[in-house]
Amino acid sequence: MDFSQLNLLPEILSAIRDSGYEQPSPIQSRAIPVILEGKSVLGCAQTGSGKTAAFSLPILDMIARKKDGHSDNRREILALILAPTRELALQIDECIRMYSKYLTLKSGVVFGGTSQKNQEKMLSDGIDILVATPGRLWDLYRQKLLKLNKVEIFVIDEADRMLDMGFIADVRRISDVLVSKRQTLMFSATMPDEIVELIGSMLSDYVTVEADPASSEVKTIDQRVYFVDTANKHRLLVDIIKSERISSALVFTRTKHGADALTRRLTKAGIKCRAIHGDKSQPARQVALSKFKKGEIDILIATEIAARGIDIENLPYVFNYNIPEDPEMYIHRIGRTGRAGASGSAISFCNYEEQPLLYDIEKLLGHKIPVIEGHGYPMTDFTADSRSGGQNKTVSLPQTSGSFAPPTVSKFPKGLTRPRRPRSFKKMK
Ligand code: AMP
C-alpha cells in the first residue's frame, strides 16, 4: 500500500514525503482508514511500530477538513492525546508538528515536573490539538486553565504503561469530563486484565487493529546472552563496549540506584555516558537524551520507565543489564534496535538468580537466545542471592581472565550444567 491510497490531504502527504516515509507501516495501513471513518479504535501496537503517525495523521486530516473554510479563527482543543511520560508526550507533539507543517493547525504539549507558566500561555493563545501527561492535564483542568468540552477525538497512548505508572484514575477522570459522543483511540502493547476492563468502560463500539503484538520479535535483531555474576556485570559491559567499539547503546537497568552506580563505573572506565531515570529533573533528562542523539555521549543508561517512549532511531545496541521481570518487556526493550529493517544487537546479562526470567523470555520467543561463552567473567556465583553481588558463594569456578576473549556461541557455558527448567516451562515448538 502507498500513503496516497489513504485519502489523506495533499499537505499531509507532502509532510510524510519530507519525513522520508516510503510506505505506511502495518499499523498505519490498518488503522488510518478506520479512524478516518470516525470509528473508535483499540490498537495493539508497541513503540517502534509507527503508531504515533497511525493516529496523528488521520487526526490532522479530520481536524483540517473540519476547520477548512471557516473564517472563525478561534482555536479550541478538538483532539486530546494522553501519554504516560513527558518524553513520549514531547515526541508525539514533535511528530504532530512535523506532519502538520503545511497545515495551519496548532498543537501543544503539557506535562508535569516543570513550571506551568509557559503551558498556561500556550493554552490561552489557543491550540487545536493537545498532547498531555494525565496528572498535569488534570491539574490544569481543575484550575480552569483549559476547556475539554469540544474534544472530539480522545487518544490514550500506551495505556498499559499508564496503568504501570498509576495514572489510570486520572485517565478515567479526564475521560469522564469529555463529551460522551466522541471518537476514542486507545493504544496498548499488552492487554492485562485492568486494561481489558478499561476498554470495556471507555470503548463501546470499536474496531481492534492489531499490528506488531508484543510477542512478535523483530527478526533482524541479533540477540545474545552472557551468564555473568552481578558483581562482574559492569566489567563485562566495559569489555564489550571497548572491544566492539560501541559508540551508541542504550543500557537498561532495573533501578535508579543501579543506573547511577553504573554511570559512575563506566565514567571511571573512560566511557562517555549519562543516566536518565525518574529522580533526574526534566532538563537533565532532556540534556542527556539530546547529547546521546547528537553522539556527544556514547552510552545512555536508563530505567524502564524513563526510557519508555523515547524514540531513538538507528540504535545499534540495546543492553539488558538486568533480565526484565516481564518477558514482554524484553521484546519492547530489544525493539529499540533493529527498527525499520535495520540490523541491531540486543545483549543481555543474566546472573544465576535471573535464569528463570530468561526461560520465560525464551518461552515467549519460542526459541533459545544464543549464549556467549569464552568471555572474561564466567558465572561463579550459584546462589539464589546472586543479586547481592555474590556475597554467599556456594560454588566457585576458576576465573579464566579479566580480559575480553573473542566470544563463541553455545547453548550454555562449557563446564556448567544448565539449571533445570522451572516446572511451568513447556517444551517449545
Ligand atoms: P512510533 O512507533 O510511532 O514511535 O514510530 C517509530 C519510528 O518510526 C519513528 O521514528 C517514526 O518517525 C518512524 N516511522 C513512523 N512511520 C513510518 C513509516 N511509515 N516509514 C518509516 N518510518 C516511520
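Visitor: Is Leu-203 buried or exposed?
Guide: Buried, because its relative accessible area is 5%, under the 20% limit. Keep in mind that this is a predicted model.

Visitor: Where does Leu-203 sit?
Guide: In the loop between α9 (193-202) and β7.

Visitor: And what does Leu-203 touch, leaving out residues up to four places away in sequence?
Guide: Ser-40, Val-41, Leu-42, Thr-184 and Met-186. Take Val-41: it is 162 residues from Leu-203 in sequence. In space, the two are 8.2 Å apart, C-alpha to C-alpha.

Visitor: What about contacts across the protein: what share joins residues at least 24 apart?
Guide: 75%, counting contacts between residues at least 6 apart in sequence.

Visitor: How much of the protein is buried?
Guide: Buried residues make up 54% of the 429. The accessible surface comes to about 19400 Å². Carbon and sulfur atoms account for 49% of that surface.

Visitor: How many helices and strands?
Guide: 15 helices and 15 strands.

Visitor: Let's pick a helix. Which residues of α2 are buried?
Guide: Helix α2 covers residues 26-36. Its buried residues are Ile-27, Gln-28, Ser-29, Ala-31, Ile-32, Val-34 and Ile-35.

Visitor: What follows α2?
Guide: Gly-38, with a positive phi near 90°.

Visitor: Switching to charges. How many salt bridges are there?
Guide: The count comes to 20. One of them joins Asp-157 and Lys-51, with the closest N and O atoms 3.0 Å apart.

Visitor: Where are those two, Asp-157 and Lys-51?
Guide: Asp-157 lies in the loop between β5 (153-156) and α7 (159-164), and Lys-51 lies in helix α3. So the pair ties together parts that are 106 residues apart in sequence.

Visitor: Are Asp-157 and Lys-51 buried or exposed?
Guide: Both are buried. They also belong to a network of salt bridges that links Lys-51, Asp-157 and Glu-158.

Visitor: What does Glu-244 meet in a salt bridge?
Guide: Arg-224, at 3.0 Å, N to O. This pair links distant parts of the chain, 20 residues apart. Glu-244 is in the loop between α10 (230-243) and β9 (249-253), while Arg-224 is in strand β8 (residues 221-227).

Visitor: Why is Arg-224 counted as buried?
Guide: Because its relative accessibility is 9%. Glu-244 has a relative accessible area of 23%, so it is partly exposed.

Visitor: One more pair. What does Lys-368 bridge to?
Guide: Glu-362, with the closest N and O atoms 3.8 Å apart. Glu-362 is buried, at 0% relative accessible area. Lys-368 counts as partly exposed, at 26%.

Visitor: Now the surface. Which residues form the positive patch?
Guide: Arg-235, Arg-264, Arg-265 and Lys-268.

Visitor: Which helix gives the most to the positive patch?
Guide: Helix α11 (residues 256-268), with 3 residues. Lys-268 lies in that helix, α11.

Visitor: Why does Lys-268 count as exposed?
Guide: Because its relative accessibility is 78%, and exposed means over 50%.

Key. Residues numbered from 1 in each chain as written. Predicted model: local features only at pLDDT ≥ 70, side-chain atom pairs only at ≥ 80, totals over all residues. Heavy atoms only, no water. Patch = residues over 30% accessible without salt bridge, like charges linked within 9 Å, V, L, I, M, F, W, Y side chains within 5 Å. Areas by Shrake-Rupley, 256 points an atom, 1.4 Å probe, with all protein chains shown as cover. Salt bridge = Lys/Arg side-chain N within 4 Å of Asp/Glu carboxyl O. Lys, Arg positive; Asp, Glu negative; His and termini not counted. Charge placed at Lys NZ, Arg CZ, Asp CG, Glu CD. Helix = DSSP H or I, 4+ residues; strand = E, 2+ residues; numbered from the N terminus. Buried < 20%, exposed > 50% of the residue type's maximum accessible area, 1.4 Å probe, protein only. Contact = heavy atoms within 4.5 Å.
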